[in-house]
Amino acid sequence: MANNVNVKKLEADLWESADLLRAGSKLTSNQYCMPVLGLIFLRYAYSRFKLVEQEILKDRPMRGGRVLPVEQSDFAEKSALFLPKEAQYNYLVNLPANISEQGLTGIEGNPLNSLGEVVNNAMELVEQQSEQLQGVLPKDYTIFSDELLGELLRIFNNDAFE
């Protein structure tokens, strides 16, 4: 029963995002469908990342009383995608509204001045983790206003992806 509730909630959230995009942007569905699918992929990848991270940490050795940090190779051994902090969904959804004042920089050291630029950077970071993903993920999130993109991130921050 709980699974059915999650699916219904996800369906409602997807319709909410479609309504938001129709009302809050001048974009056509052809323009926003791939970026939205990219956000859904990123949310799913984050859920999988957290699940595998918990599994890795259960058996993680300790040195000097501290658990050794997880590394990219730990995830490769579990056939999972490692997500750097800046590509983790939780990081993106919890960014403050004033992105340009945060002093964030992209992969190439370029300043990130909008939420769209931060999400584009996250997609580039994910692509670096897998040869199969290189050049595949959308990186045109600057077509959205920061407010609209922030709302989409919040909508897809849904337990149904767990």
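## Pocket, helix packing and selected residues

The largest pocket is lined by Leu-92, Val-93, Leu-95, Pro-96, Ala-97, Ile-99, Leu-115, Asp-146, Glu-147, Gly-150, Leu-153 and Arg-154. The model is predicted. The volume of this pocket is about 200 Å³. Two elements give two or more residues to the lining: helix H4 (89–93) and helix H6 (146–155). H6 supplies the largest share, five residues. By class, the lining holds eight nonpolar residues, three charged and one polar.

**Packing of H5 and H6**

Two packed helices are described by the angle between their axes and the distance between the axes. Helix H5 (residues 115–129) packs with H6 at an angle of about 50°, and the axes lie 8 Å apart. H5 is therefore oblique to H6. On the H5 side, the contact is made by Leu-115, Gly-116 and Val-119. On the H6 side, Asp-146, Leu-149, Gly-150 and Leu-153 take part. These contact residues divide into four nonpolar, two polar and one charged.

Val-126 is found in H5. Its relative accessibility is 0%, so Val-126 counts as buried; the cut-off for buried is under 20%. Leaving out residues up to four places away in sequence, Val-126 touches Phe-41, Leu-42, Leu-81, Leu-83, Ala-87, Leu-133 and Leu-137. Val-126 and Leu-137 are 11 residues apart in sequence, with a C-alpha to C-alpha distance of 8.5 Å.

Phe-75 lies in helix H3 (72–77). Phe-75 counts as buried because its relative accessibility is 0%. With residues up to four places away in sequence not counted, Phe-75 touches Phe-49, Val-52, Glu-53, Ile-56, Val-70, Ala-80, Leu-81 and Phe-82. Phe-75 and Glu-53 are 22 residues apart in sequence and 7.8 Å apart in space, C-alpha to C-alpha. Leu-81 is among the residues touched by Phe-75, and Leu-81 is also touched by Val-126.

Ser-79 is in the loop between H3 and H4. Ser-79 is not a glycine, but its phi is positive, about 55°. Ser-79 counts as exposed because its relative accessibility is 66%; the cut-off for exposed is over 50%.

Gly-65 sits in the loop between strand S1 (62–63) and strand S2 (66–67). Gly-65 has a relative accessible area of 62% and is exposed. Gly-65 and Pro-111 are 46 residues apart in sequence and 37 Å apart in space, C-alpha to C-alpha.

Val-136 belongs to the loop between H5 and H6. At 52% relative accessibility, Val-136 counts as exposed. Val-136 and Gly-38 are 98 residues apart in sequence, yet 9.6 Å apart in space, C-alpha to C-alpha.

**Sequence and space compared**

The table sets out the residue pairs.

| Pair | Separation in sequence | C-alpha to C-alpha distance |
|---|---|---|
| Phe-75 and Glu-53 | 22 residues | 7.8 Å |
| Val-126 and Leu-137 | 11 residues | 8.5 Å |
| Val-136 and Gly-38 | 98 residues | 9.6 Å |
| Gly-65 and Pro-111 | 46 residues | 37 Å |

Notes: Residues numbered from 1 in each chain as written. Predicted model: local features only at pLDDT ≥ 70, side-chain atom pairs only at ≥ 80, totals over all residues. Heavy atoms only, no water. 1 Å grid on protein atoms, 1.4 Å probe; cavity = no way out; pocket = protein on both sides within 12 Å on 5 of 7 lines; lining within 4 Å. Points joined across faces, edges and corners; volume = space filled by probe spheres on them. Helix = DSSP H or I, 4+ residues; strand = E, 2+ residues; numbered from the N terminus. Nonpolar A, V, L, I, M, F, W, Y, C, P; charged D, E, K, R; others polar. Axes fitted to C-alpha atoms, helices over the stretch in contact; angles between N-to-C directions. Parallel < 35°, antiparallel > 145°, perpendicular 65-115°, else oblique. Contact = heavy atoms within 4.5 Å. Buried < 20%, exposed > 50% of the residue type's maximum accessible area, 1.4 Å probe, protein only.
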